[in-house]
Each structure stands twice: as C-alpha cells, then as structure tokens.
Amino acid sequence: MKKLFLLLILSGQILAQNKSIVGSVKDTQNESVIGASVKLMNSIDSSFVKGEITDINGNFLFQNLSNGSYFLEITSMSFLKYTSVKKTLNEQQTKVELPVIILLPAKSTTLNEVVVSAKKPLIEQEIDKTIVNVGTMISAASSNTLEVLEKTPGISVDAQGNINLYGKSGAMVLIDGRSTYMSGTDLIAYLKSLPGGLLDKLELMDNPPAKYDAGGSSIINIILKKNKARGLTGNLSSGMSMGQKLRVNNSVNFNLNRQKINWFWGIDQSLDQDYTQETSQRTIFNDEKISIANIQSKNYSDYKSNTLSGRFGADFTLSEKTILGMQFFLQNRPRSDDASYINTTATQAFKGNNSGTNNWNSKSANVNFNHKFNSKGHELSGDLNILNYQSGGLRNFNRVTENVLFDNKLSSNINIYNFKTDYSLPLGKGANLESGLKASFVKNDNDALFRDEFSAIIYSRSNHFIYHENINAGYINIRKSINKKLSLQLGFRAENTNILGELLANESIQYQKFNQNFTNLFPSVFLSYSLDSLKNHNLSFNFTRRVNRPNYQQFNPFLNYVDAYNYTQGNPDLQPFYLNLVRFKYQYKSIYTLGFGYDGADGILGEVTIREGETFIRKPFNTGIGNRIFINHNLTLQPTKWLSSTLYFQVARFDIKSNINGETNHTVFFTGRVSTNQQISFGKGWSSELTAQYKTEERIYPTIVLDRVSVYYSMQKKILKDKGAIKLNINDIFHSDTYRERVENFQNIYQNRVNINDTQRIGLAFSYRFGNEKYAHKRRNRDNSATEETERVQ
C-alpha cells in the first residue's frame, strides 16, 4: 500500500514537471528582441518563480512548472516594461503557448532627450588612456582627420610627417584598432583623405599594455562613427574650407541592423590641395670659422589630390554567443603636383622645376570572429587581414640652368598578411587572464626608373628596392583586483622580427642585401589604487618597454635626387631603438589629471642633413641615447551650463647624448606645450569653440625647432530638430603655425629653414543624422582589433 502511495506521488510530480510556458518577444518592427529578461511571477503573492533570457530568435521557455497561476514581467534596454495577464496551469492546461509579445520603445531613450541630458565632454580620462570626443569639436566636420589630430591637446605633427603624442615622436596610429601600415608622407596623405566628420573619438595611450604591439612610442587609436541603433540609420557631412587653396570633405554612412545581421557601409570623397613655400640659408665655414660658401634655396611646391573611398561590412550573429564579422575597404587617390626651385651661391644660380602625377590605390579585407563561452568574460576572438597598396606615376624633371631633362617612373606594390587572436579567461576572485598570438608578413616592392630626354635609362639614378618583413608575437596579461581599492596588471610580450632588404643590381649599381633577425621581450606593470570608496580619487603607476622600428623606405640605401644641392637617402645600418617608460598619475574623476613620467631611450632614430662638399643629403641615423622627465596636467571644468573649459600643459626636460657621423654632442633642454579649449553654448542651438596651442622651442641635435603657436575658432547652429548642424570654422587665425628650424655648427654648417603651408583657412560644413534613432542596439558592437602593427609603409 505504501509503495502504491509513493508511486502516485511521483507520478503527480512527473506530470507537474511536464508543464510549460513558451513565447517569443519582438519589437514594433517585427524584429526579434535578443537578451530580454523574462521573469515568471506567482500571481497570488507576486513572488519570483523563475527567470529566462530570450535567445537569438527572441524565444523563451519555462519548463518543469507546477500547477498554479502565473504572470510574466519582460524588460529590455530601451523598451518599456511589459506585464502579461494571468496564465493558469493545471491538469487540463499543461502548456501555455503565448502569442507574440510586442515591446514598445521607451520614450526616455530618444536621441533628443539624450542630447539634452548627457552631453559628452571634449576630454575624458581613464586609468590607461585619454579619450577625446571628436563629436564635440565643432570644427571637425569641415576638417580632415590630420587637422583634427593637430587640434587635439598633446598631439603634434612635424615637417617630416612624424606624429608626436605628449612630446614623444613615433606614435603608432590605428583606425578602429587596426594598423594603417603607413608612415611618413603616405600616412599624412591618408589621414588628409579621411573627412573629420567620420570620426567619433580618439583614444590616446601614452603607455599601452602588453596586448598592443610593442612598436611605436605610444598609440593614437582613431575610432570611426558606428551607429548602434536598430533599423536603417545613418549620417552625412559635407564641408569645405578655403585658404589660398580649396579643400572639400564629404562623407555619408549607413547602418542597417536587422537583428541577426548588422550591415554598414559608407562613401567618402575629399579634395585636398596645399602648397609649401620653403626657404633656407646655409653658410659653410672652414675649421677657422671663416665663411667659405653661402647657399640660398627657395622651393615652392603645390599639389592636388581627389580621393574617393568606400567601406562595406557586416556582423553576423551566428548564435547567442558567436559573432562573425567582415569588412572591406577601397580607396583611390590620384595626385598631381608641381615644384620649382632656385639654388643661389656667390658665383652662380641653379633653377629647375618638376611636375608629376601619381595614382594611389588601397584594398583591404578583414574577417573577424568573437565567441563568448559565458557572460563572465570568458571569450575568444580573432582577426584575419589582407591588405594591398599600389601606386604608380611619372615625374618630369627640368634643370633649366643646365638644360637637362629627365623623368622618373615610380611604382610601388605592398602586400600585407596578418592574423591575430586573443583569449580571455576569468580566474575567479577578481583575477583575469588574457593571452594572444600574432603573425604578420609584409613585402614592399619599390621601383624607380629614370630616363633621359631620349628615353634612355639612367641607371645611376634608377633603383629597385624590395623589403620583406615577418613579425611573430605572443603575449600574456594577468589582471587581479587585490581588494576593492587596489588592482594589479602584469604583462609580458615577446616579438620575433625578421627583415630582408634587397637593392637590385643594374648596369651602374651593384646588388646590395641586408638582414636583421632579433627577438625582444617587453614586460609591463600596471598598478591602480583608489583613495576613496567611490573611486573618485585614483593613483596609478605603470612601466612598459617598447620599440621604435625604422619604416621600410628608411632602409633603402639609394641616393634620391631632389634638386642641384639636395638629396635624400636611406640607411641599411639602422637599428630599432628601445624605450623604457615609467608613469605616475593622480586622477580625480574625469575632471583633473596630474602625471609624472620618465622615458629612457637607447638608439634614438632621427633624420639629419649631412654635407658632402656643397651637396646636402638628408638621411636617417641612430643618433644616440637620452632620457626625458616630464609633468602632464589636464583640467576639464564646466563652471556653468553654458561654458566648458579644458586646459592641458606639459613641461619636459630632455638629456640627450648624440653621435652622428663621428660628431658628438650632449644637449640638455626644457620644452613646454600648452593648449586650451573653450566651448560656449548661447542657447537656441547656437554654440562656439575657441582652441589655442603653443609649443616652445625644441633642441634635438643638431636641429633646433623654433616655437609655434596656433589659434582656431568655430561656431555652430543646430537645425532640423537638432538632427542637423551648420558649422563655421577658422583655422590658424593669425597664420602663425609655421615650421622653423636652424642648425648650429654641425659639420661646419649654419642653416636656417622656414616652411610655410596653407594653414590659414575659413571653412563651412553641414552635418545631418537620419533614420530611426529611438531603438538602441542591444548588442554592443565590437571594434575590430585586427592588428596593431607599426605603420612603416612608405
């Protein structure tokens, strides 16, 4: 009898466990809502029974339920809370199949309300980086990306196209976490071709962790705009500016989020024109300091390029945990330029001119994936990249004084392949392990063929240089929260570099070859400590070791003609130089930052003009060793609703010991950089912005770069229900942003050089957002972190 009674009880429990409630959740556009929280509540006392999360199709299922009366509560970000009517399960009703549940959008998440209540500051401070919100810069829409960088506190660009961050040269530039693989003039031209209206924000990392490549003294990560809203959305911007030359920047971007697939594409067009007016005065002395020659040079050049580029990509949600993405990028940049020069000495003058055309094309493809094993940070990601840069053109030279004509046919083909994978594993108790591998392969083929006026090859000036590079790397990073206030991060990166350079032989030039193979280790340590429980006051310390590698063309030993007295040449003996970086920082929220730092460098890379008789050759060298001690300060205040003010400054002491071509020097000097940004809101959609920057004199033996100052002003009026804006921008108001340098007593030379460009400009821009902006995208888009390679393509 007891056995029969137990059997009846168990049977009743089994029947009860077979009871279920099933349903699906969608939005008003009939798209499945992924990741919505579904709570099953007891209708008698409103107590919580079970919880589920909607899957990739918006479905949910409650199983093994007992007899009773229930109702559902469904919540999801940017939607109104949904509460169902009562549903009953009993012996006759064992399964409830609900009709499709439609969630309504939450009115509080409309874009207009976000704009009113949460305006981003220009600069935000995080423990490991500084974020510059480009969207708040009124002048961005009428500027190109390089101009935006030049207006950013802490960033400067020198005459050779080197981008400096916080006074350190050799910053690595990434686009959405991916390297451009370019440097020097090619990188500058590329950044000029990207309209400023494309930019969302800049991430400035003075001391990157082991996850990032060790190449470059620091990292500037340019984040492009990505619309995370559901449905079809987009933005467009059109801007022009006028100095002595006209510049135009236009871009339009679309995003179509169909839940399982998120498509994005865009088209950009830019017209870039500029001129360079360079004057130099060189005096050559003998050992008794008596002048033996004076050479005056006047060079004028201008160029025009019209760039068209397109982007296309998609993210595919394969499952609730796995996302597969792809991206394609195409760009065509034809360029034409003209230049003339006059070299004058005491006895004669040389005149000449040259003109040329060049067509630059780039193609790249990226495939990336991300798999989350759970919701606690256990995930695996990877990126595969294929890039190709091609350029070709013809330059005609006319040395008028000597009645000599010749031309130069240039071609370049660069292929890059790389793969990178990252793995993250939570270890528990506040610890996390990150590791990754990377391999990249580069082939850079440059061919310069000179012909005379009769089309005969001038072998002594022609050269064919091929460069191969392979970098293999791996890293491991461990983060641990010691307690609620103290956290520690230890990183270790290993990189193996293999280089082969070949200057191919012709009738006048012998075959030259060089190899470099080396393996380096790069440790990093990060400590952060919160002084209060709210984590408003924070202290941090970090140490990293990094490397600056020469760019590809700097190895080319060929002597390139510029004019009768000036040449450029690479140096196959160049070695990478290494930096040991130490940082201390105090930070109060995102309002105030005070930092102290030390940089130690061995084998500093620099370009120096050396003399051979009366001929001058600009050539890269490992110039010596040195260190820098500095203080950084950044203050962002909003004393009133209508005023936002940012002040940044840096003071640094350099101590450099140089050895160039046998000439030694010991230089100690101080530099300073100050920038301020004032944003004023007048109400009714009107606002303005004033930016000023000043850089003191810098002494990098044997060159002294004189101080520079620049002032910018912008005004904006929002229109079309705040979705559109008209912006007026004035760059370099006083035309004072001029590059000036001098060389004192190097190889018995004194030199003064001045470069003037078309920096004084007035611009006008229009920008507009379109599409349905009421629905926030529930899956956070992951920026591709395909590679962080050094940009050294030329």
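The secondary structure of this protein chain comes to 4 helices and 45 strands. With a radius of gyration of 31 Å, close to the 28 Å that the globule rule gives for 794 residues, the chain is as compact as a globular protein of that length. Please keep in mind as you look around that this is a predicted model.

**The chain as a whole**

Taken along the principal axes, the C-alpha atoms fill a box of roughly 125 × 60 × 55 Å. Of the 794 residues, 50% count as buried. The chain exposes about 35,700 Å², and carbon and sulfur atoms supply 58% of that area. If you take the contacts between residues at least 6 apart in sequence, 66% of them join residues at least 24 apart.

**An open sheet**

Let us turn to one of the sheets. Here 6 strands line up in the order β10-β11-β16-β17-β14-β15, forming an open sheet with mixed pairing. Its edge strands are β10 (123-125) and β15 (178-179), each of which pairs on one side only. Within this sheet, β16 and β17 run antiparallel and are joined by 6 bridges. Leucine 199, for example, has leucine 224 in β17 as its bridge partner.

**Nonpolar cores**

The largest nonpolar core holds 49 residues, and those touching the most other members are Ile163, Leu191, Ile220 and Ile222. Helix α4 (residues 184-193) gives the largest share of this core, 4 residues. A second, separate core has 18 residues, among them Ile21, Leu65, Leu98 and Leu103. In soluble globular proteins, nonpolar side chains tend to be buried together.

**Strands β33, β34 and β35**

The hairpin of β33 and β34 has 3 residues between the strands, where lysine 589 takes a positive phi near 45 degrees. In the hairpin of β34 and β35, 2 residues lie between the strands, and glycine 613 in the turn has a positive phi of about 70 degrees.

Methods: Residues numbered from 1 in each chain as written. Predicted model: local features only at pLDDT ≥ 70, side-chain atom pairs only at ≥ 80, totals over all residues. Heavy atoms only, no water. Pairing = 2+ DSSP bridges. Core = buried A, V, L, I, M, F, W, Y, C linked by side-chain atoms within 4.5 Å. Buried < 20%, exposed > 50% of the residue type's maximum accessible area, 1.4 Å probe, protein only. Rg over C-alpha atoms; globule rule 2.2 N^0.38 Å. Contact = heavy atoms within 4.5 Å. Areas by Shrake-Rupley, 256 points an atom, 1.4 Å probe, with all protein chains shown as cover.
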